[in-house]
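This report describes one protein model, starting with a single side-chain contact and ending with the whole chain. Keep the structure in view while reading.

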Amino acid sequence: AGLNWNYYRDVTPEWMQAAQQEMFDLHGAGKLTPPITARYPLADFAAALEQFRDGSIQGKVILEISGG
């Protein structure tokens, strides 16, 4: 489940920008931390997509890109 922000972005763009900035500020202050379900190396993206397909997502799935 999630929230579709498209309507708010289209109808009240100034409000959306302020809301997003507040979320970024809260995250930067350590007051907002999204739950992470799993981390996968980018090469294993199919396994990450499998979690979406089977509905087992309870938070964010992170695809990690190794520096090289």
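A polar contact is a pair of N or O atoms within 3.5 Å; within protein, one of them must be able to donate a hydrogen and the other to accept it. The model shown here is predicted. In it, the side chains of Gln51 and Tyr40 are joined by a polar contact of 3.4 Å.

Gln51 lies in helix 3, which covers residues 45-54. Its relative accessibility is 14%, and buried means under 20%, so Gln51 counts as buried. Leaving out residues up to four places away in sequence, Gln51 touches Thr37, Ala38, Tyr40, Ser56, Ile57 and Val61.

Helix 2 runs over residues 13-28 and has 16 residues. From its first C-alpha to its last, helix 2 reaches 22 Å, close to the 22 Å expected at 1.5 Å a residue. Gly30 follows helix 2 and has a positive phi, near 80°.

The protein as a whole has 3 helices and 2 strands. Along the sequence they follow the pattern α-α-β-α-β. The table lists some values for the whole protein.

| Property of the protein | Value |
|---|---|
| Radius of gyration | 15 Å |
| Span of the C-alpha trace along the principal axes | about 40 × 25 × 25 Å |
| Accessible surface | about 5800 Å² |

For a compact globule of 68 residues, the radius of gyration would be near 11 Å, whereas the protein has 15 Å. Buried residues make up 12% of the 68 residues. Carbon and sulfur atoms hold 57% of the accessible surface. Of the contacts with a separation of 6 or more, 18% are between residues 24 or more positions apart.

Note on methods:
Residues numbered from 1 in each chain as written. Predicted model: local features only at pLDDT ≥ 70, side-chain atom pairs only at ≥ 80, totals over all residues. Heavy atoms only, no water. Helix = DSSP H or I, 4+ residues; strand = E, 2+ residues; numbered from the N terminus. Buried < 20%, exposed > 50% of the residue type's maximum accessible area, 1.4 Å probe, protein only. Contact = heavy atoms within 4.5 Å. Expected span 1.5 Å × (residues − 1). Rg over C-alpha atoms; globule rule 2.2 N^0.38 Å. Areas by Shrake-Rupley, 256 points an atom, 1.4 Å probe, with all protein chains shown as cover.
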